[in-house]
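Work through the exercises below with the structure open beside you, and try each task before you read its solution.

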Amino acid sequence: MSRTLKGPEEELSPTLQVSKVSESVEIERPTEVKDIPPAKLSIRNLEAWFGTKRALKGINLDVRENSITAFIGPSGCGKTTLIRCLNRMHEMTPGASAKGQAILDGMDMYDAKVDPVTIKRRIGMVFQKPNPFPTMSIYDNVAAGLKLNGIKDKKLIDDIVRESLEGAVLWEEVKNELNKPGMGLSGGQQQRLCIARALAMQPEILLMDEPTSALDPIASSKIEELVHGMKKDLTVVIVTHNMQQAARVSDYTAFMYLGELIEYGDTKQIFENPRMELTERYISGKFG
Amino acid sequence: MNSATLKDDHQERRKKLSNLLLSKKKPMDRAFFGIVLGAAGYTLFLVALIVYAVGDGSTEIFSYEGLEFFTGTDWNAVYGREAFGALPYIIGTLVTAGIAMVIGVPVSIGIAVFLSEISPPRISTPLSFVIELLAAVPSIVYGLWALFVFRFWIVDLIEKPLYNAFGDWIPFFGKTPFGLDVFTAGIVLSIMIIPIISAISRELLKAVPDTQREAAYSLGATRWETLRIAVFPYVKSGLFGAAFLGLGRAVGETILVTMVIGNAVGVNAIPTSLFSQSQTLASVIANEFNEAASSLHLSALIGLGVVLLMLTMAINIGGMLLLSRMVKVSPGVRE
């Protein structure tokens with residue numbers, strides 16, 4: 001037990017001590033994995049607080065480009081806090097703060113000079129509960145981010161709205177009722193509308209915080225399918241409390257416990273051959 | 001204890017329970033139903049009573065003046081020369097309430113936004129408490145303060161500079177100001193309605209789910225843009241309701257206005273400038289009720305009550321129509 005609770009820093013290779021922002025850090029991983037995509041987002045010593053309570057205790061992790069990374073772990077392990085740190089959403093909560101580095105293509109988004117607003121334009125987010133804007137039509141919901149950022153070209157917006165809805169596998173269902181309110185859709189459709197809304201911003205990374213937890217199994221599997229299809233265009237990070245979902249959908253899996261990253265690696269390896277006893281116990285349903 | 005007696009016990013108990021469970025007598029339920037029905041019926045009864053009382057009391061003036069009561073500008077209670085026209089007071093009411101709204105609504109929404117969206121709890125909690133306290137201050141207290149303190153500030157700091165700068169060529173700022181006028185009344189009214197509108201607006205804004213704000217933030221919205229695309233649309237109808245509640249109070253406010261509006265009578269009460277003396281429907285009633293000697297004069301004052309009632313009803317209906325045109329979203333599926 002004492003071994004499994006060691007901090008993630010000690011488990012990682014010594015090269016972890018990063019000095020330069022651009023330096024990519026190798027994370028120890030199973031030998032059978034050959035082509036590791038480059039890191040899109042490097043998280044270094046990331047800590048997060050709610051008031052004086054530390055929710056993340058120094059996370060180090062590389063999110064790989066054009067792949068799907070899942071964060072799993074029992075309730076309260078910090079997986080949602082971690083994903084909310086990756087677009088600087090965490091600090092929007094009153095009393096919450098974060099420090100450390102999250103390096104997106106060589107730029108540390110926690111650098112004092114970086115405006116959190118610009119980060120969110122590059123990194124999209126989908127939330128636990130579908131949250132379309134209730135007073136907007138389906139079309140306006142998808143176009144909201146574009147209009148917000150000053151895009152006025154009607155033709156361009158039309159094209160992006162269509163593309164995004166297609167990307168979210170919703171186009172066929174709503175193409176004849178784009179002017180109806182987004183709230184009139186079913187829960188699963190609303191969540192796909194929110195995905196389309198995020199996709200319309202052409203994000204480089206899409207963060208999904210338990211996107212299917214409020215949905216029925218059929219709606220969930222639709223979302224899983226579409227997430228799987230998205231990785232050719234962008235990098236996806238998904239938080240899930242559903243281990244089967246993580247196993248089905250992700251390429252890499254990070255297991256978290258009590259605010260620490262316990263184990264991070266290839267999804268197949270994590271689920272079939274976890275290195276840490278704690279991971280094994282969680283995967284096999286012995287706790288959590 | 002063997003199984004047979006256990007079974008018997010069980011059946012015995014069921015019998016007892018079913019007698020209780022299936023009995024139709026639920027006296028509390030009926031009493032409760034009666035109480036809430038009575039409470040609801042009371043409002044209808046009250047409206048009927050008011051309509052009857054003002055209708056009955058105002059028949060005399062309406063048969064004397066006819067529709068001229070609404071359009072006439074003279075107001076004279078002297079025996080033999082009676083003339084009663086409510087138009088100046090209708091205008092005075094609308095102008096003072098209008099000034100109060102123009103100042104009060106933006107300030108109130110600003111306060112509410114600051115309290116719910118911007119300030120940390122250690123500031124917003126005491127400040128919210130103070131605002132709720134202000135909402136409970138009786139209007140006569142505001143009136144006394146306005147009459148003895150505030151109006152001199154207004155004269156010296158706002159009215160005189162405006163008059164000196166524009167008075168000669170913009171009639172809107174004409175008339176030598178001395179502090180008891182529609183402008184002062186409007187400002188003091190706005191001070192009175194700001195706590196109410198802002199307290200309600202703050203509650204509304206706080207009820208907007210954070211998921212809505214986060215949706216906007218996640219699209220790269222700034223704080224202001226988040227308010228514009230996510231928060232305000234969500235509470236638009238509620239904010240309108242709050243503003244109309246304030247308007248209702250401003251239109252009907254009596255004693256405060258009576259103290260600071262200058263109490264002009266008849267055609268003189270039609271404000272020609274911001275610094276004109278005037279009267280509102282409510283302030284005329286308050287001023288003259290005591291000294292109404294003739295039954296015609298009394299009836300005229302009740303007639304003003306009828307006009308006031310119609311005015312508030314028109315404002316409320318107008319507000320609802322405006323609202324239903326602005327908020328076109330069908331309810332659909334909510335969370």
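**Exercise 1.** Determine how α7(B) and α9(B) cross, and which residues meet there.

*Solution.* Begin with the hand of the crossing: α7(B) and α9(B) cross in a right-handed way, a crossing being right-handed if the near helix is turned clockwise from the far one by less than a right angle, and left-handed if anticlockwise. Helices here are DSSP runs of H or I with at least four residues, strands are runs of E with at least two, and both are numbered from the N terminus. Next take the geometry, in which the two axes come within 9 Å and cross at roughly 150°; axes are lines fitted to C-alpha atoms, for helices over the stretch in contact, and angles run from 0 to 180 degrees between N-to-C directions. Because angles over 145 degrees count as roughly antiparallel, α7(B) and α9(B) are roughly antiparallel to each other. Finally, look at the residues in contact (C-beta atoms, placed from the backbone, within 7 Å): among them are L189(B), I193(B) and I196(B) in α7(B), and V231(B), V235(B) and G238(B) in α9(B). By class, this contact has 14 nonpolar, 3 polar and 1 charged residues, where Ala, Val, Leu, Ile, Met, Phe, Trp, Tyr, Cys and Pro count as nonpolar, Asp, Glu, Lys and Arg as charged, and the others, Gly among them, as polar.

The model is predicted, so local features need pLDDT of at least 70 and side-chain atom pairs count only at pLDDT 80 or more, while totals for chains, interfaces and linings use all residues. Residues are numbered from 1 along each chain as its sequence is written, and chains are lettered from A and ligands numbered from 1 in the order in which they are written.

**Exercise 2.** Describe the packing of α4(B) and α7(B).

*Solution.* Helix α4 (residues 87–118) and helix α7 (residues 182–206) of chain B pack at an angle of about 35°, with their axes 6 Å apart. Their crossing is right-handed, and the contact residues divide into 21 nonpolar, 9 polar and 3 charged.

**Exercise 3.** Find what the buried residues of α8(B) pack against.

*Solution.* Of the 8 residues in helix α8 (residues 210–217) of chain B, 6 are buried, with 20 or more other C-beta atoms within 10 Å of their own. These buried residues, including R213(B) and Y217(B), pack against α3 (116–122) of chain A together with α9 (223–252) of chain B.

**Exercise 4.** Work out how many residues each chain gives to the contact between chain A and chain B.

*Solution.* Chain A gives 25 residues and chain B gives 23. On the side of chain A, α3(A) gives the most, with 4 residues.

Technical notes:
Buried ≥ 20, exposed ≤ 12 C-beta atoms within 10 Å, placed from the backbone. Contact = placed C-beta atoms within 7 Å. Parallel < 35°, antiparallel > 145°, perpendicular 65-115°, else oblique.
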